[in-house]
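Here is a brief report on a single protein chain. Please look over the sequence and the model before reading on.

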Amino acid sequence: MRIDSTLLSVAATPFRGLGRRASVLGLALLAAGSQPASLLAQDGVDVVSREQAALAEEQALIARQIKRLRGVMSALEQRLRTEGRVHAAGLLAEALKELEEREGDAGATLEEQVNLSSDGLRTGSTMRAIEDQQAALRRMERLLEVLLDRKRVEDLEQELQQLGELKQGLSDAQNEQRQLSEETRALGQESQSAEQKALQKELAQMVAKQQALLAQVEQNARETGAFDLERIAEELAQSIADQQLNLDALGAWKPMASEGQPAAREALAKARRNESRAADLRSSAEALRQAAESTRQADSAAQVRPTQDSLQQSAEEAGRKAKATGGTEEAQAFEALKEAVESLRGDMESPTQRAGAAQSMEQAAEGLEAQAEALAAQAASDRDQAQAWVQAQADPKSTSGAALERVASALAKAKASAQAAQKADPGEAAQAAQEQTREATEEALRALDQAGQAEDILEQALRASQAEQSATMSRLASGLERAMQAAKNADPAAGKAAQEALESAAQQLQEAAQAIRDQDSPQAAQAAESGLQAMQAAQAALEQAQASQAAQSGANAEQAAEQKQLAEQLAQAEAQAKQADLPKPTQSALESAMQKAQQAMQKAAQSLSQPGGSSQAAKAQREASEALQEAAEQASQAGTPQTPEQQEQAQSLAQKQKALKAKLLELARQAEARESQRGQKSLEQASQSASEAAEDIDSSSSEPQGGELDQAQSKQEETEKKIQEALDDLTQEEEQYKTLRQEELLFKISEELAELLKGHREAIEATQTLDEKRGDGPPSRPIRLGLRSIARSEEALASHAGRIAEGLASEGVVVFHEIMNNAAEDLARIARDLGQDGGFQSGLTLQARQDDVERSLVWLQEALTEEMQRRQDEDQEQQKQQDQKNQDQNPPPQPLVPDVAELKVLKRLEAEVLSKLEQTLEIHPELRDPDRVQDPLILEDLVRLAYKHQRVVELFRRFRERLGVPAPDESAD
């Protein structure tokens, strides 16, 4: 979270001013240092003094801005705390602390340090002023980092160190808990009674026997084809049950006559429209009657005006309905209302004229009411037509019968309401009856639609079911043919009969589906019944085939006897289990599991003794095996320490567990003291479960019921689990801090690279300017002084580049380090050539070297910018995917710069070396002559290019080996 932009703008103002003024002062000093001595003696001091005085005043302005900033931040910090914005207020508090921090030899605050710089400028202590300005710049950078909620690399490394120490403590605690768990488990096994150990052994043997029996039954069934026949028999039995349900549904399916239902629905829809039109006509007639009454009672034309406006609104509404429906009745109502409105526009001052207009409106109202009654009569006739069809179709046993009964009930209600409306006097009672008639008609139409929908749904379901059953029978017939070929002892004639019956069932069921599509209910029911009979015939034939197979194969008699014997052995073991001196909960669970296993064994023995029971027997045997394993686990529960040695060991384990609890609490406090508090909750839970484990171990030798060691082991497992959760949380946070550190490093390197590139470009520009001024002869003294100044600047940049290269090397960024290291060496050589040792060079050759350095720095800057943008895009994508459950919470740490970015730069570096070599050969063709004495400087350039090429090859080889790319075949041409 960052502080709002207004405060950041205020905070950045002195930062920008101080940075600009420091640059101005530095340039002024550089300009003074590059002037001839005579010039300085004449007027240089006066110029610099005036400049220093101006800078000192601006420094004082910066100090006042910092003071104002402190006041703004203090007030805003209090307001944010009042609003509950704790994090933002915390950032401001930290920034205020930064403003009050005293640093340096003078122990000055930031404001005081700026004032010291101003004092130094006024007193002529220029170098001291520059040092104070640089220190103030660094402190302002830290201040902005705080307000922007950006952690410094040093802070991130400190956080990573603390995380590492906390993780190490957790890892040690986890190892201790694992060791304690093993010792507790060993004590529990050592404390078991002889009866309990004997029971464990016997149950383990029975588990092995049960699993062996299951394997024998399954193998025998596979060899004889019994499983396939049983599977077909089971599926056929289920299909028969489903077909019986289909027959019941077909009995209730009475499709409505296709030619009658649309006509009945159209009649009801027409009745609904006529009722609605009649209501609109009555409404228009009522509007005319009210207007007539108001007009008759009016005493002047002015009193008629409201009536005219009201009637105008009714006319407009009627016009909209007439336009929307296109109906004749609606158009007539609109015309009647419009004529009435026009009649009221005349001279209404005369009572005779008002009376005439009122009479005309009443006559129009009578006409509309007559039309409404005619429409109502037509609606009643349409309802009678629909009711006659519904009564002919109604069948309480059919699927649509209930819906059609609702249609009939609604129509009866509509008829009664219509009759009541005719008998009632005009008024509210008649209107209410007419409204009930319309609602009942609407209800009848909805019920009829529901009846049709119910019939369509049932028809589709029945058709799909019969088609699916037909396909199932065809598939079972094909499967039965293959199963009979594999079955060694099954009766082939019975199998053939079953297959033919299945094929016949498939044909009958397909015919039933077609009859349903044709809405032929009797034919569909007959075909479905025939299909069911064929399915039952197939079932009987299949049972005969299975019986003959069982009779010839012995019906698994041997396995059935062994299964029965194992069940009897388990019954004897139940009595032995009661003497094992186990805790009551464990004893109860053990007996329950053994009883469950015995019931499953008995069921398996019974299934094995019957034809076609292999699959059921195998299922029961699997249940018995699982129950036996559960019983064995219960029997293997830890015992209660009995001997003094065992009790002493239990007490020792309890003490160790308590000590581990204390360690976990201390780790929890350390986690709580951190800002994120990650892992703190899991550690508290781990210390709680460790405490409970210690209590269970401590009481294991004194409780008569026992079972405490088992509980202790469970709590120890919970403790280990919670420790692992805390470790996972901290590991995730550690990866986040590593990512932040890398992002901050990239940002810092990018900033330093931009500063380096800026300084080098200034040196290039200065070199070109001086080279233009020097001419063809030896350089003058001012030119030499200027070149020396540029040389010192390039030398400082070389040192800066070297430090960046060392930092890149420490992060394992080999290619970027190589380029930066080359740039540092090139800058050092450029600085040498610019000075006296290099002969004050400034020509095209030296400028070309400067351009090479600039190009390399631009490459790095572009690569870093691209990598920073990639990380930003990746972070945004991860934010979008945070709700995905399977998202990797702990991805492996990425390198500071990925391989692909380094390889791209490496490729550009090699291309640059080759291009530079071709350019050198083109400029100096004499290099191709082996007998000619070459220029040492040119040879030095060639050696430098060769070295760069060798380094590129070496770096690529390292990449290839690390990525596992095989080496090229050097013997290939």
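## Q174 in helix α6

Q174 sits in helix α6, which spans residues 153-190. This is a predicted model. Is Q174 buried or exposed? Q174 counts as buried, at 8% relative accessibility; the cut-off for buried is under 20%.

Which residues does Q174 meet, once neighbours within four places in sequence are left aside? The contacts of Q174 are E720, I723, Q724 and L727.

## The chain overall

The protein chain has 27 helices and zero strands. It holds 973 residues, and 44% of them count as buried.

Take the contacts between residues at least 6 apart in sequence. Of these, 80% join residues at least 24 apart.

## Helices α10 and α11

Two packed helices are described by the angle between their axes and the distance between the axes. Helix α10 covers residues 301-325, and helix α11 covers residues 328-344. The two pack at an angle of about 155°, and their axes are 8 Å apart. The angle therefore makes α10 roughly antiparallel to α11, since angles over 145 degrees count as such. The crossing of α10 with α11 is left-handed.

On the α10 side, the contact is made by V304, T307, Q308, L311, Q312, S314, A315, A318, G319, K321, A322 and T325. On the α11 side, E330, A331, F334, L337, K338, A340, V341 and L344 take part. By class, this contact of α10 with α11 has 11 nonpolar, six polar and three charged residues.

## S470 in helix α14

S470 belongs to helix α14, residues 428-486. S470 is buried, with a relative accessible area of 7%.

What does the side chain of S470 reach? It reaches the backbone oxygen of A506, at 2.7 Å. A506 is also among the residues that S470 touches, together with L509 and Q510, when residues up to four places away in sequence are not counted.

## Helices α17 and α18

Helix α17 runs over residues 557-577, and helix α18 over residues 584-608. They pack at an angle of about 165°, with axes 8 Å apart. That angle makes α17 roughly antiparallel to α18. The crossing of α17 and α18 is left-handed.

From α17, the contact residues are Q559, A560, Q563, K564, L566, A567, L570, A571, A573, E574 and A577. From α18, they are Q587, L590, M594, Q595, A597, Q598, M601, Q602, A604, A605 and L608. How do the residues of the contact of α17 with α18 divide by class, and how many are nonpolar? There are 14 nonpolar, six polar and two charged.

## A659 in helix α20

A659 lies in helix α20, residues 644-673. A659 is partly exposed, with a relative accessible area of 48%. The cut-off for exposed is over 50%, so at 48% A659 stays in the partly exposed class.

A659 and S691 are 32 residues apart along the chain. Their C-alpha atoms are separated by 9.4 Å.

## Helices α23 and α24

Helix α23 takes in residues 781-810. It packs with α24 at an angle of about 165°, and the axes are 8 Å apart. The angle makes α23 roughly antiparallel to α24. The crossing of α23 and α24 is left-handed. By class, the contact of α23 with α24 has 18 nonpolar, three polar and two charged residues.

A824 is found in α24. A824 is buried, with a relative accessible area of 9%. Where is A798 relative to A824? The two are 26 residues apart along the chain, and their C-alpha atoms are separated by 4.4 Å. Leaving aside its neighbours within four places in sequence, A824 is in contact with A798, A801 and G802.

F840 lies in the loop between α24 (814-834) and α25 (844-880). F840 is buried, with a relative accessible area of 9%.

What is the phi of F840? Phi is near 55°, a positive value in a residue other than glycine. Most residues other than glycine have a negative phi.

Conventions
Residues are numbered from 1 along each chain as its sequence is written. This is a predicted model: local features need pLDDT of at least 70, side-chain atom pairs count only at pLDDT 80 or more; totals for chains, interfaces and linings use all residues. Side-chain values use heavy atoms; hydrogens and water are left out. Helices (H or I, at least four residues) and strands (E, at least two) are DSSP runs, numbered from the N terminus. Buried means under 20% relative accessible area, exposed over 50%, partly exposed in between (1.4 Å probe, protein chains only). A polar contact is a pair of N or O atoms within 3.5 Å; within protein, one must be able to donate a hydrogen and the other to accept it, and residues adjacent in sequence count only if both atoms are side-chain atoms. Contact means heavy atoms within 4.5 Å. Axes are lines fitted to C-alpha atoms, for helices over the stretch in contact, and angles run from 0 to 180 degrees between N-to-C directions. Angles under 35 degrees count as roughly parallel, over 145 as roughly antiparallel, 65 to 115 as roughly perpendicular and the rest as oblique. A crossing is left-handed if the near helix is turned anticlockwise from the far one by less than a right angle, and right-handed if clockwise. Ala, Val, Leu, Ile, Met, Phe, Trp, Tyr, Cys and Pro count as nonpolar, Asp, Glu, Lys and Arg as charged, and the others, Gly among them, as polar.
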